[in-house]
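Please open the model in your viewer and keep the sequence panel beside it. The stops below are meant to be selected one after another.

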Amino acid sequence: MVNSVSSQDNLVSVRNLTFSRGSKKIFDDISLDFKRGRITAIMGPSGTGKTTLLKLIGGQLFPDRGSIFVDGQNVHQLRRSELYDLRKRLGMLFQSGALLTDMTVFDNVAFPLREHTHLPESMIRTLVLMKLQAVGLRGARDLMPNELSGGMSRRVALARAIALDPMMILYDEPFTGQDPISMGVLVHLIKSLNNILGLTSIIVSHDVHDTSAIADYIYVLSEGRVVGQGTPEEIQQSDSEWVQQFMTGAADGPVHFHYPAKDYVDDLMSLGKRY
Amino acid sequence: MSQFIQDLGKSTRTSFTKLGRSTYFLLQTISGIFSVLPRPRLLLNQMYSVGVLSFLIITISGLFVGMVLGLQGYYTLSDFGAEETLGVMVAASLVRELGPVVSALLFAGRAGSALTAEIGLMKATEQLSGMEMMAVDPVKRIISPRFLAGLISMPLLAGLFSAVGIIGGQIIGSGLLGVDEGAYWSQMQASIDFHDDIINGFIKSIVFGFVTSWIALFEGYDAIPTSEGVSRATTRTVVNSAFSILGLDFILTALMFGDH
């Protein structure tokens, strides 16, 4: 078995994954490996199904074909209770933070502990304060989620994601819509949490600069396929036109500026059919 | 013509799929109730927002409905010189029909719409998805406590509605129109049957609570996670609940009082 060998140093391996939504193929036979203890980034333009990939890894969606192994277990063949046990060892940081809006910051971080452990309240308090201290928000424990800035929500969500000391964290667009300071804070946090806690991290992002700064390995996806992979340096020097366009942000290239349409002049000159 | 048949088939299929999903959802919700029981705190919080917060609207509406019944009943009954039986008329209308039905309609508008919007927005902001990823079943943690709270609150609210209504009828009947207070209460006591009237009304309100909570929670859970989707789901909750309540009321009444 390929997976039993590769699961030694790969925490997650995606094999020949195909997934479509309606008639649109999101992934077309892709295979990816995520090494233990490393930060691996999935990059690609918006709408390439990066978030979908995280949901597939977390077992929230089912692939049409192919399989995903997390820590040697085939995610989509697990029974419900086994899947839930696996998820307890995964942390996921949603783009929106996904904090529970009817609870304080403290209760949000305490939520997984209260749901999954029978620890006494005093112990939960200590743990929560430690997690909040790690993300620098111990002082914000009594605030409600709607009183937090976008960057702060993400940090609280991160504290919640590490509450059960997971083996892996999945980050969904952690840098989108952040000001430079909170961006810097998040980049620093992701890197240091990964190293200090010995986590494995998967970052889904289209932010080229900051992601390259912390990722150990990068996959570039486009239209359901892997168009480039390698260390950040290798990606920078990739001779693939597509990867170059993505990394430099050129307006036109393999990805066209224009949405497919008929000829411009014809379109202007035609009488214009009314619908 | 073929277009029409296609559309008909499509919409039939859509509604049956939805019925299937909602039934599955209901089964999950009910089986989730067992994990709510050891955690009464979850239930109490929901009892507060579903039940206690509906207190005011139920009390005020009950009072006015009772007062109107007192007025209308008095004018009709006094034509026959039977105004002494006003208490019976007010109490029977409230306990059998208006209590369960009107309070369920109010409950759907007040608590049902709030539940749909809350669940729908939790879905839209990925809170439900986030919970799943934290290995917490959102149906057990979020839906079942709310369902149980609705099921318990509805008969209590209906009872409150009827009780306040009867007092409202008494205020108007004997306070304003001069029906003898003793007659108001004693006629009521003599004529209202515990089994036929009170238990049947109670059963109705449990059924309405069940259906309304189910509709409200399912619509929220099934909502398209956008602002438009949530707004449409909220509307559907109120409309579908109202239809179900009124339709079921007819069926239940026919079953309960049909052989008299």
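The tour goes from one chain to the other and then to the spaces in the protein.

This is a predicted model, in which local features need pLDDT of at least 70 and side-chain atom pairs count only at pLDDT 80 or more, while totals for chains, interfaces and linings use all residues. Residues are numbered from 1 along each chain as its sequence is written, chains are lettered from A and ligands numbered from 1 in the order in which they are written, and side-chain values use heavy atoms, with hydrogens and water left out.

**Stop 1: chain B.** Select chain B, which has 9 helices and 0 strands; helices (H or I, at least four residues) and strands (E, at least two) are DSSP runs, numbered from the N terminus. Its C-alpha atoms fill a box of roughly 65 × 55 × 35 Å along the principal axes.

**Stop 2: a helix crossing in chain B.** Now select helix 6 (residues 138-176) and helix 7 (residues 181-191) of chain B, whose axes come within 10 Å and cross at roughly 145 degrees. Axes here are lines fitted to C-alpha atoms, for helices over the stretch in contact, and angles run from 0 to 180 degrees between N-to-C directions. The contact (heavy atoms within 4.5 Å) is made by Ile166(B), Gly169(B), Gln170(B) and Ser174(B) of helix 6 of chain B, together with Glu181(B), Tyr184(B), Trp185(B) and Met188(B) of helix 7 of chain B.

**Stop 3: the sheet of chain A.** Moving to chain A, select the open sheet of 6 strands, which has the order 6-7-8-3-9-10 and mixed pairing; two strands pair if DSSP finds at least two bridges between them. At the edges lie strand 6 (90-93) and strand 10 (225-230) of chain A, each of which pairs on one side only, and the twist averages 15 degrees from one strand to the next. Strand 9 (residues 217-222) of chain A pairs with strand 10 of chain A in the antiparallel sense over 5 bridges, and Ile218(A) has Gly230(A) as its bridge partner in strand 10 of chain A.

**Stop 4: the cavity.** Which residues lie nearest the centre of the largest cavity? Select Leu90(A), Gly91(A), Arg160(A), Ala161(A) and Met134(B), which are the nearest of its 15 lining residues. On a 1 Å grid over the protein atoms alone, a cavity is a set of points where a 1.4 Å probe fits but cannot get out, whereas a pocket is an open set with protein on both sides within 12 Å along at least five of seven lines, and lining residues have an atom within 4 Å of a point. About 140 Å³ of space lies in the largest cavity, a volume being the space filled by probe spheres set on grid points that are joined across faces, edges and corners.

Stop 5: The largest pocket has a volume of about 790 Å³, and of the 33 residues that line it, Phe111(A), Glu115(A), Arg39(B), Leu42(B) and Arg141(B) are the closest to its centre. Helix 4 (105-116) of chain A gives the most to this lining, with 6 residues. Finally, select Gln60(A), Lys123(B), Ser129(B), Glu132(B) and Tyr221(B), which lie nearest the centre of the second largest pocket, where there is about 500 Å³ of space.
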